[in-house]
Amino acid sequence: MARRRKTNRRRRGRSGFLYKLLSVLAICVCLVTALTLFFRVDAIVITGGVRYTEQELRDATGVRTGANLLLLNKGRVAASMTEKLPYLKEISGISKKLPDTLEIRVEECGKPLAVIQDGAAWLISPTSSGRGKIVEQLPAAAAAGYGVIDGCQLLAPSVGTGPAFATEYAVQQSSLLSLLGALEAAEMLEQVEAIHLGDSSEITMEYAGRFTVRLSYSADYARKLKKLQWSMDEGVIQDNMTGTFDMRGESKDYFRPDAQ
């Protein structure tokens, strides 16, 4: 008799566990069903872009009306947009606004500079990652409005990828990308007419239609550019002056005006 009572208790225990398991599964099914039926994307709001149309930006997300808002992968959306639209530097924010709105803020690349080779102009822009990106390919004749980068050769250039030099030019590549990033951060990129990498001992930059700037490789470009900008803003350099900024060292007399 005692043995029969123990057996019955075991059966009731197993039945209770099975009931709890089925209840949990039923609740999960209900939650999944609720997520599927509700919180669907009805609006995609994108701000920060001017180069691309609203429709181009929405299409690049890969998200369609009716997709489940809560289950969207933000990283996948960001990767899709930057891959399909090369001029997007980064996706600075993706927010899910319940019940049905996806909000995205984008940041576009600044004005790129052109590397011209084999009859084509490859436009390169700095990126937040510091690797740079080839944002467009144009015929060489169509690149007249862009500053140029010369003294280098791109390896297998392709739109949407980072610029790559031969291994022996690794210092030139890393220094160029650091300089481009510093120029954009200082809002000075638009005034760059040329960056010359042909001399293995220094970078030479043609700037603002008036100046040649000499820089060392692997320098602190943010600090050098701040010094350059200060000289121009504080009246140290007169408006009609042209000349050379030799910023390879720490000398205070780093500007040499052209002979009049």
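## Contacts of D246

D246 touches R214, Y254 and R256, leaving aside residues up to four places away in sequence; contact here means heavy atoms within 4.5 Å. The side chain of D246 also makes a polar contact with the side chain of R248, at 2.7 Å. A polar contact is a pair of N or O atoms within 3.5 Å, of which, within protein, one must be able to donate a hydrogen and the other to accept it; residues adjacent in sequence count only if both atoms are side-chain atoms.

D246 belongs to strand β11, residues 243-246. D246 counts as buried because its relative accessible area is 17% (buried is under 20%, exposed over 50%, partly exposed in between, with a 1.4 Å probe and protein chains only).

## Model and confidence

This is a predicted model, in which local features need pLDDT of at least 70 and side-chain atom pairs count only at pLDDT 80 or more, while totals for chains, interfaces and linings use all residues. Residues are numbered from 1 along each chain as its sequence is written, and side-chain values use heavy atoms, with hydrogens and water left out.

The protein chain has an average pLDDT (the predictor's confidence in each residue, from 0 to 100) of 87, and 87% of the residues score at least 70. Confidence is lowest in helix α1 (residues 2-37), with a mean of 60, and highest in strand β8 (residues 192-196), at 98. Helices (H or I, at least four residues) and strands (E, at least two) are DSSP runs numbered from the N terminus.

## Cavity and pocket

The structure holds 1 cavity of 30 Å³ or more. D246 is among the residues lining the largest cavity, together with K224, K227, M247, G249, E250, S251 and Y254. On a 1 Å grid over the protein atoms alone, a cavity is a set of points where a 1.4 Å probe fits but cannot get out; a pocket is an open set with protein on both sides within 12 Å along at least five of seven lines, and lining residues have an atom within 4 Å of a point. The cavity lining comprises 2 nonpolar, 2 polar and 4 charged residues.

The largest pocket holds about 260 Å³ of space. Its lining has 14 residues, of which S129, R131, G132, K133 and G160 lie nearest its centre.

N240 is found in the loop between α5 (221-233) and β11. N240 counts as exposed because its relative accessibility is 65%. N240 and R210 are 30 residues apart in sequence and 8.8 Å apart in space, C-alpha to C-alpha.

Definitions and conventions. Grid points are joined across faces, edges and corners, and a volume is the space filled by probe spheres set on the points. Ala, Val, Leu, Ile, Met, Phe, Trp, Tyr, Cys and Pro count as nonpolar, Asp, Glu, Lys and Arg as charged, and the others, Gly among them, as polar.
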